[in-house]
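Work through the following exercises with the sequence and the coordinates side by side, and try each task before reading its solution.

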Amino acid sequence: MRAEAVSKSYGSRAALKAVSFAADRGEVVALIGPNGAGKTTLLSILAGIQEPSSGTVSVGRKEVGWVPQQPAVYRKLSVGENLRLFARLERVADREAVVERMLELTGLAEREGDELGKLSGGNQQRVNIAIGLLAGPPVLLLDEPSSSLDPRQRARLWELISRLAREEQTTVVFSTHDVGEAERYADRVLVLADGELLFEGSARALEEAVGSPQRDFEAAFVAFLRNRGH
Amino acid sequence: MRWLLLKDLQILRRSPLLLALLVAYAVVIGLPVGYGISAPPSKPKVAFYNGVAKQDNAFDLGGREVDASRYAEELFEDIDPIRVDSREAAIQAVKDGEALGALVVPSDITQQLQNATELPGIAEPPTLEVYYNADNPLKRRYVEQTVEARLAEANLALSGEVTKVAANALEVLLDGGPFPLPTGTIDVLGLKRANLALEGVRDGLAQDDPQRAAVQNVIAFAEVAIQSLDFAGPVLGAIAAPIKVNTNEVEGGSGTLEGFAVAAAVTIALMFVAVLLGAGMLALEREEYAFGRLVRGLVRPTSLLVEKMLLGALCAFLVSAALLGLLAVFQPVSLSRAPLWLPALVLGAAGFSALGVAVGALTRDVRAASLLSFLLSLPIAALALIPSGTLGDVAYDAVRGVSAAFPFKPTLTALDAGLNDAGSLGLPLLHLAALTAAYLVLARLALRRFGAR
Ligand SMILES: Nc1ncnc2c1ncn2[C@@H]1O[C@H](COP(=O)(O)OP(=O)(O)OP(=O)(O)O)[C@@H](O)[C@H]1O
Ligand SMILES: [Mg+2]
């Protein structure tokens, strides 16, 4: 997957400034940066929800699984109904089997018939993630997928993502504010600030770029941003 | 699209309170507005005090007994009287807002009438007292006009009586006979008989009698008087018979008032359900953030809009058809005319729903969508219901222009035509189809403009 000089502006505000990067099959890429850096904007352009103001994206919408920052689910429908509806709309071949697998994956099998709005925020997020996985897409984009999950669910999520990348050769791009996650689970990190791509490489390379030794990766990341005037 | 439609119906089914409120609202607003606009204004309530004792009601008009209160009753034809016991009570009723006005018949009205007929030009004319509540000028004018119109009729009837008496007196003057006077009935000779008598006197006089010329002069005068009075009789009669009014109805657009009320009530119900659902259910997709998921290739934005349009139209159609069924109990709805009113109902539902979808495309959440729907719907309905003749030409043309841009007027026209055979059906149906398409295009443009997130 490749993005070429992708820019996006809302009126006079530039949310993305000529961002280019590429991700290989089976690669896991983390997108980190402060609030309002343009992470969601970049991911939603990659997902085909928004058109970039300029620049190109090499993947088609159909090849992308999308997990938005806010759970995009129908709160009046049950867990099962949500999964089935989107499986239908995605034209998933073996619908029932896939829905079964997702229910198991999210650990919500026994809550299948519950109205989604009555689930906790984290459980809603689990369904949100499951919907992004339904079609088994070659590219998976997740916007802060772990932010509302408990530690056990986080572990399960990353385990799943690592397995998808390893076994299905799925390309994964996720954004997070937990830079520790980025360090641990991503092959590569992209640092975005004020719509600009400031860094692209491994977590180690970022620490080295800061120069002076730091306590951990998070401290290195903060120092990096400070050095760049953010 | 089918699955989305089913999903939305499922969501609606799980929001029974919301749905019940929407339907109740549509019906509760639709019915009274529909009937309110078509019902003629009701009779104003007027406090009435009649100071005349029952036995004093009659007065004497040239020997004829005339019942004074009969003329007061004339006033009641267009008002709803609240009978009270005193002038003070009548005035109080106006002050309390219980009555729009008060009408007081003074206790000496009979005497006043008597005096007026006996001493015309000298006695004060008989006077009724009318009190108005001035805090509502519109109603005040209505009561004023009603009372004045009725009073004119009472006056006319009374002057009719007077002329009859006058004509009678003339007759006696001409032909002679008994004439009633307050002091008792006297026998009047009459001009004709007096003339005959004079002719006898004249013939008895010698040809050269100097009185003969004098008598001849009186006879000549009597003849002229007889001829003039003979002529005066019919003239008086003509005055007594007032100008007759021949009322004719000019053919109007609408069939009956009740039929129009049904069309209006159904249109209002259609509007509320279709606009609110079209707007709300589209906005819900965004509020749930599902919109982004859907338009990334799962559903084409146009299909999504058409789906919401169908959803709103379907629900509005069902609700208004049920309302029509309910109204059929009071005002027959012709089933044989169904091929005419069904298309009106369907296209009206589609037009309103498309308008709702356009509203929904402009808004990001259900609350804003509902608010905007209300803000739009109420004035549109109000504008479309303004009758011609209440505004100046230019203003009315402007109102018509604005109304034509929204589905209310064409739906009402089409339903009135379909249900009540009032006016043409084809044109408003075409109009609705065009509006539906136009609003869908507008919604599509709005979606593109306001993007998906
Ligand atoms: N629909 C929009 N209209 C106008 N401006 C927008 C819109 N969406 C995003 N922006 C602006 O674009 C910039 C980037 O926003 P974006 O949501 O991509 O940030 P982010 O990195 O995801 O932030 P966060 O970590 O808080 O989620 C922000 O300045 C935001 O105000
Ligand atoms: Mg974001």
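Chain B has 16 helices and eight strands, where helices (H or I, at least four residues) and strands (E, at least two) are DSSP runs numbered from the N terminus. The model is a predicted one, in which local features need pLDDT of at least 70 and side-chain atom pairs pLDDT 80 or more, whereas totals for chains, interfaces and linings use all residues. Residues are numbered from 1 along each chain as its sequence is written, chains are lettered from A and ligands numbered from 1 in the order in which they are written, and side-chain values use heavy atoms, with hydrogens and water left out.

**Exercise 1.** Determine the strand order of the open sheet of four strands in chain B, and state which strands stand at its edges.

*Solution.* Start from the pairing rule, by which two strands pair if DSSP finds at least two bridges between them. As a detail, β1 (residues 45-50) of chain B pairs with β4(B) in the parallel sense over four bridges, and B:V46 has B:P81 in β4(B) as its bridge partner.

**Exercise 2.** Classify the ring pairs that A:W158 forms with A:F174 and with A:Y185.

*Solution.* A pair of aromatic rings is described by the distance of the centres and the angle of the planes. Rings of Phe, Tyr and Trp (its six-membered ring) pair if their centres lie within 6.5 Å, and planes under 30 degrees apart count as stacked, over 60 as edge-to-face and the rest as tilted. For A:W158 and A:F174, the values of 4.6 Å centre to centre and 55° between the planes give a tilted pair. A:W158 lies in helix α5 (residues 151-167) and A:F174 in strand β7 (residues 171-175) of chain A, so this pair ties together parts that are 16 residues apart in sequence. For A:W158 and A:Y185, the centres are 4.9 Å apart and the planes at 10°, so the pair is stacked. A:Y185 belongs to helix α6 (residues 179-185) of chain A, 27 residues from A:W158. The three residues A:W158, A:F174 and A:Y185 form one aromatic cluster.

**Exercise 3.** Is A:W158 buried or exposed, and what is the relative accessible area of A:Y185?

*Solution.* Buried means under 20% relative accessible area, exposed over 50%, and partly exposed in between (1.4 Å probe, protein chains only). A:W158, at 1%, counts as buried, while A:Y185, at 26%, is partly exposed.
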